[in-house]
Amino acid sequence: MRSMFTYDLMETMRNTNQWMGASAKAVASYPMFAMLPNPALRWFEAWGEVTERSFERMVVKPDWGIHSVTCDDGRDHLVEIETVIERPFGDLIHFNVSGREPSSRKVLLVAPMSGHYATLLRSTVQSLLGDVDLYVTDWHNARDIPVSAGKFDIEDYTLYLVDFMRELGPDTNVIAVCQPAPLTLAATAYLAEQDPEAQPRSLTLIGGPIDPEATPTEVTDFGARVTMGQLEQAMIQRVGFKYPGVGRLVYPGLLQLSSFMAMNAERHADAFKEQISRVAHGSASDHDAHNRFYDEYLAVMDMTAEFYLSTVERIFKNNEIAKNQFVVDGHMVDIGKITSVAVKTVEGANDDISAPGQCVAALDLCTGLPDSKKASHLEPGAGHYGIFAGKSWRNNIRPLVLEFIDANSGTTTKTRKAANKNAA
């Protein structure tokens, strides 16, 4: 009950801050205060507005907000999101672009399950929709999953990916962003041994910790510094009474968010000060750059305790993927069995989460793959976010990834030129 109380206490603190913000906004906007103009009241109201919005967003799952896309024919086409596979811990969803010619590129985008929803890849999805037939993994918030649904660790995660790839078939091109990169590599190797006919055509790994020891970062140093017992004691709590997953052991999203914010505390503090100033001066808007970013960044989800702990222990501490010693459902996965799936890695030169060297290590593990099916790209000046959602992704990396997909799927030169035109 102690950890359940702690979970509810965090939610109470969040709720209280949201209420304080709403109260400040309401009090400062009373009509009678307009009789006595006072800049302090406007700043108080602005603080309340920013505070209420920020703490409210922490428990709201963002909407994809993608309603249409412009395709090669120059027309806008409606986008409908369909659920292809529905599972307790995550779904496979399809962005169905109505009325356009079938795309020759079928892509499975594997979203991270590392504290944020799949919608963190919204801009990535938008940039791809015009040129590919897109499927995305949509992971669920652990607090909303009843205990009766059972456990979910990195082996279960890998088997979910195996099932998703089987469903989509061998003409699929997989793109894994950040956290899922090592498990997507393992899922591909698992298929290479167990069901070769279901292997995807290509696999692109973007900024993922295939070998965390290749280039140490603050993230890997933390994993090496603490024991599993310390981690479990400090990070794991039981979901409180407010949610369907009551009693489930999780790494709470609010706790994760505090860690995210602490890594760049000064930058976040400055951003909120500037936003309060903009609101006070009337220059902010509902969908300005600050709100677009933080509406997504502050929306966090709980991870199951077994997924978080097994990730730290097996991927970061024991380095099982890098040592080619990863076991799934009692089967030792051999990454060297990948012999026909083209593999590309993408890294950012300034990535401080998955530093250069960690992701490209995947190519050395693919001992059974000819060099002609291996590729790598190091993006100069790009940080972690930029390699899949920023300017570096839009201008440089995205065209290269589509080119790599085309080169390994028989897509015509004409189609490649159209993709490059859209990227520009």
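Leaving aside neighbours within four places in sequence, Glu379 is in contact (heavy atoms within 4.5 Å) with Glu347, Gly348, Ala349, Ile387, Ser392, Asn396 and Ile397. The model is predicted, with local features needing pLDDT of at least 70 and side-chain atom pairs pLDDT 80 or more, while totals for chains, interfaces and linings use all residues. Residues are numbered from 1 along each chain as its sequence is written, and side-chain values use heavy atoms, without hydrogens and water.

**Glu379**
- Glu379 belongs to strand β14, residues 374-379 (strands are DSSP runs of E, at least two residues, and helices runs of H or I, at least four, numbered from the N terminus).
- Glu379 is buried (under 20% relative accessible area, 1.4 Å probe, protein chains only).
- Glu379 has no salt bridge (a side-chain nitrogen of Lys or Arg within 4 Å of a carboxyl oxygen of Asp or Glu); Lys391, the nearest side chain of opposite charge, is 9.2 Å away.

**Largest pocket**
- The largest pocket has a volume of about 1600 Å³ (a pocket is an open set of points on a 1 Å grid over the protein atoms alone, with protein on both sides within 12 Å along at least five of seven lines; lining residues have an atom within 4 Å of a point; volume is the space filled by probe spheres set on the points).
- Its lining has 47 residues, of which Ser114, Val219, Phe260, Met263 and Ile353 are the closest to the centre.

**Cavities**
- The whole structure holds 3 cavities of 30 Å³ or more (sets of points where a 1.4 Å probe fits but cannot get out).
- The largest cavity contains about 80 Å³ of space.
- Helix α1 gives the largest share of the lining of the largest cavity, 3 residues.

Definitions and conventions
Buried < 20%, exposed > 50% of the residue type's maximum accessible area, 1.4 Å probe, protein only. Lys, Arg positive; Asp, Glu negative; His and termini not counted.
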